[in-house]
Amino acid sequence: MNQKNNYNFSELNKLDRKALFLVLGTTLWTVARAIWPILAIIIVKREMKSWYLFAVIGVVTILTFATKLINFFYFSYQIVDNELIIKKGWLSKSTTAVKLDKIHEVNLNQKFIHKLIGLYVVNVDTAGSSKTEIEINGIDFKKALALKDLLTTAEQDIVVSNEIVNDNIKFQHQNQSHENPIPKIKISLISLIKIGLTRNYLQTFGLMIAFSFQIIDQFQDFFYEDDASVYDDIFEASYNQYLGLVGVVLFFGLILFVVVFNLVRTLITYFNYQINLKDKHLTASYGLTDSHIISVPANKVQMFQFQQNYFQKLMDLFEIKIKQVESNEDNKKKKGLIIPGANYLELSNLFNVIFDKGLIDLKAGLKPHIRVLVIKSLILCVPVIVSLTIMYFTDSLHFSWIILPLFALVFLLIFLGYKNEKMVFKDDFIVLKSGIWDINTTYLPIDKIQKVSISQSYFQEKNQIGSLNLYTAAGIVTLYYYDFNILQKLTNEILYKIEKNKYSWM
């Protein structure tokens, strides 16, 4: 059943009244984070009769609630002359105006507390900041969709009419015909399970180790004296039993934990993932506990990346990243759009939707200079020689059998990295393929390049090799250790194409 709704965004629009529950919830959360040390002191010292502490807590709660209440009632938004205008503040007022054609991404997010009251957060991003430019926290779903459509299509009419179907995902124009369906990708539960079992092993392992050390440190503070350490017990137990059942159980338990953690996180984050194309906008929706709807304009995509490891290759799965404008390299907010598990056909269709071209054959590509492999191998020999020398003078050469397998393993990884890396310049794209286990392929359109530079060290200059730096609004792409003459020729071709066609990166 379709329901047609009209919203007049040219007038001042307020947050939904149900957002008052958000004000109350955020107030309690803010106060709880601020006063938990005081509460801990009261519980530990059992000073329940210290009325002044409770008075301080009460005053802090009232002031915080009053501040957030004022922010709620004095927040408004409207769209006038193709500008999104945000007004907020009571005594200290502020007005933010953003041109609709400068908007790069509009996200509709719904955290668990928002789900309870049926509201969304609308986040609007432009190229002007590393953080979310505008946040409208407390708007119902249908109105949020109408606002998103207007912001992402930059229409001239202020009154928006949207057709919204009851599954909260599909969108249709009134004049759309059945002969031209919207391209759509839907990731099945089976695909999510496959991708969850085959991704982010090292990242999860690192997080688990860091978290484990924090738990151990907290455990030691409570149960160990200053001259004792929990690590001594762990090392002693490991030394005595590392070849026994305990070591085997810990090893396989660690592997199982990493796999299960990745699987659960993937299922929760990307549950019911669907992506549609509307008016050259990619609109993705996903999430179990927290729901997200992300709209990305196809013409403002800065970089197209996908990666695949050995297991994912057997299953015909790719993890795709569509990168947009960032303000700096450390920006984690504007990560664009991530599609966790598409097959090759879906990957090709998505690429064609964005760039109106097909994927490029990467069989004939340029590789880094062979000297890179030789130099890295020689550098690897340094720690090996140092380690063997120390073992020789400390009469520990019987442990040298550990060094040689490690050397062979690291050399194999270096060789695989060199073997997998290549670069292709074709059809107004620079394509860079690299990686050891997760093979990454980056498509960089020439029209998104803002600056080109070649760098050389003293030793690279003698060997006629260098690195090419390609600066884009989504970050820097670097081609390391290629033949210098090839890089010069490539730079000239890139600059010629940019100047000839007068590309605009926006």
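This is a predicted model: local features need pLDDT of at least 70, side-chain atom pairs count only at pLDDT 80 or more; totals for chains, interfaces and linings use all residues.
Biologist: Let's start with the open sheet: in what order do its strands sit?

Modeller: Strands in a sheet pair through backbone hydrogen bonds, either parallel or antiparallel. Here the pairing is antiparallel, and 3 strands take part. β20 (449-455) and β22 (475-483) each have a single partner strand, so they stand at the edges. That gives the order β20-β21-β22.

Biologist: Which residue in β21 is the bridge partner of Ser-455?

Modeller: β20 spans 449-455, and 6 bridges join it to β21. For Ser-455, the bridge partner in β21 is Ser-467.

Biologist: On to charges: how far apart are the closest N and O atoms of Glu-83 and Lys-99?

Modeller: Side chains of opposite charge can pair when their charged atoms come close. Glu-83 sits in strand β3 and Lys-99 in strand β4 (residues 94-99), so this pair ties together parts 16 residues apart in sequence. Glu-83 is partly exposed at 22% relative accessibility, and Lys-99 is partly exposed too, at 42%. The two form a salt bridge, with their closest N and O atoms 3.5 Å apart.

Biologist: Which residue does Lys-357 meet in a salt bridge?

Modeller: Lys-357 is in the loop between α10 (344-355) and α11 (370-393), and its partner is in the loop between β17 (422-426) and β18 (429-434), 71 residues apart. The N to O distance is 4.0 Å, and the partner is Asp-428.

Biologist: Is Asp-81 buried or exposed?

Modeller: Most residues other than glycine have a negative phi. Asp-81 has a positive one, near 50°, and is found in the loop between β2 (76-80) and β3 (83-88). Its relative accessible area is 67%, and the cut-off for exposed is over 50%, so Asp-81 is exposed.

Biologist: What is the phi of Asp-316, roughly?

Modeller: Asp-316 lies in the loop between α9 (310-314) and β15 (318-323). With a relative accessible area of 35%, Asp-316 is partly exposed. Although Asp-316 is not a glycine, its phi is positive, at about 55°.

Notes
Residues are numbered from 1 along each chain as its sequence is written. Side-chain values use heavy atoms; hydrogens and water are left out. Two strands pair if DSSP finds at least two bridges between them. Helices (H or I, at least four residues) and strands (E, at least two) are DSSP runs, numbered from the N terminus. Buried means under 20% relative accessible area, exposed over 50%, partly exposed in between (1.4 Å probe, protein chains only). A salt bridge is a side-chain nitrogen of Lys or Arg within 4 Å of a carboxyl oxygen of Asp or Glu.
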